[in-house]
Amino acid sequence: MARPALKLIVADPADERFAPIVPGDLVRTGANSYPRYRVIATSGERAWIQDSQDGTDHVVPVTRCYRL
């Protein structure tokens, strides 16, 4: 019997990496850890985030937010 070429990885819903972004979370939007943002609110596929250093607000897609 031949071995399968691909291995399926099933995500554990209890894993924090895949948990939904919720208000109060600290997130980043790029490859680096800075700048850090605090999630103010979420609505569907968008998140309202606030820069933790200077207080500026932004609305970004949730898919761009990575939990710290």
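Modeller: Let's begin with the hairpin: β2 and β3 have two residues between them, and Gly44 in the turn shows a positive phi of about 65°. This is a predicted model, where local features need pLDDT of at least 70 and side-chain atom pairs count only at pLDDT 80 or more, while totals for chains, interfaces and linings use all residues. Residues are numbered from 1 along each chain as its sequence is written, and side-chain values use heavy atoms, with hydrogens and water left out.

Colleague: OK, how many helices and strands are in the chain?

Modeller: Zero helices and five strands. Helices (H or I, at least four residues) and strands (E, at least two) are DSSP runs, numbered from the N terminus.

Colleague: And how many bridges join β2 to β3?

Modeller: Six, with the strands running antiparallel; β3 covers residues 46–51. On its other pairing, β2 (residues 37–43) goes with β1 (residues 26–28), also antiparallel, over two bridges. Strands count as paired if DSSP finds at least two bridges between them.

Colleague: Switching topic: which residues make up the largest nonpolar core?

Modeller: Eight of them: Ile21, Val27, Tyr37, Val39, Ala47, Ile49, Val60 and Cys65. β2 and β3 each supply at least two. By nonpolar core I mean a set of buried Ala, Val, Leu, Ile, Met, Phe, Trp, Tyr and Cys residues joined through side-chain atoms within 4.5 Å. Buried is under 20% relative accessible area, exposed is over 50%, and partly exposed is in between (1.4 Å probe, protein chains only).

Colleague: What is Val27 in contact with?

Modeller: Leaving aside neighbours within four places in sequence, Val27's contacts (heavy atoms within 4.5 Å) include Ile21, Tyr37, Val39, Ile49 and Cys65. Arg67 is also among them.

Colleague: How many salt bridges does a search of the whole structure find?

Modeller: One. The side chains of Arg67 and Asp25 meet at 2.8 Å, N to O. Arg67 lies in β5 (residues 66–67) and Asp25 in the segment before β1, so the pair ties together parts that are 42 residues apart in sequence. The cut-off for a salt bridge is a side-chain nitrogen of Lys or Arg within 4 Å of a carboxyl oxygen of Asp or Glu.

Colleague: Is Asp25 buried or exposed?

Modeller: Asp25 counts as buried, at 15% relative accessibility. Arg67 is partly exposed, with 27% relative accessible area.

Colleague: And what share of the chain is buried?

Modeller: Buried residues make up 15% of the 68 residues.
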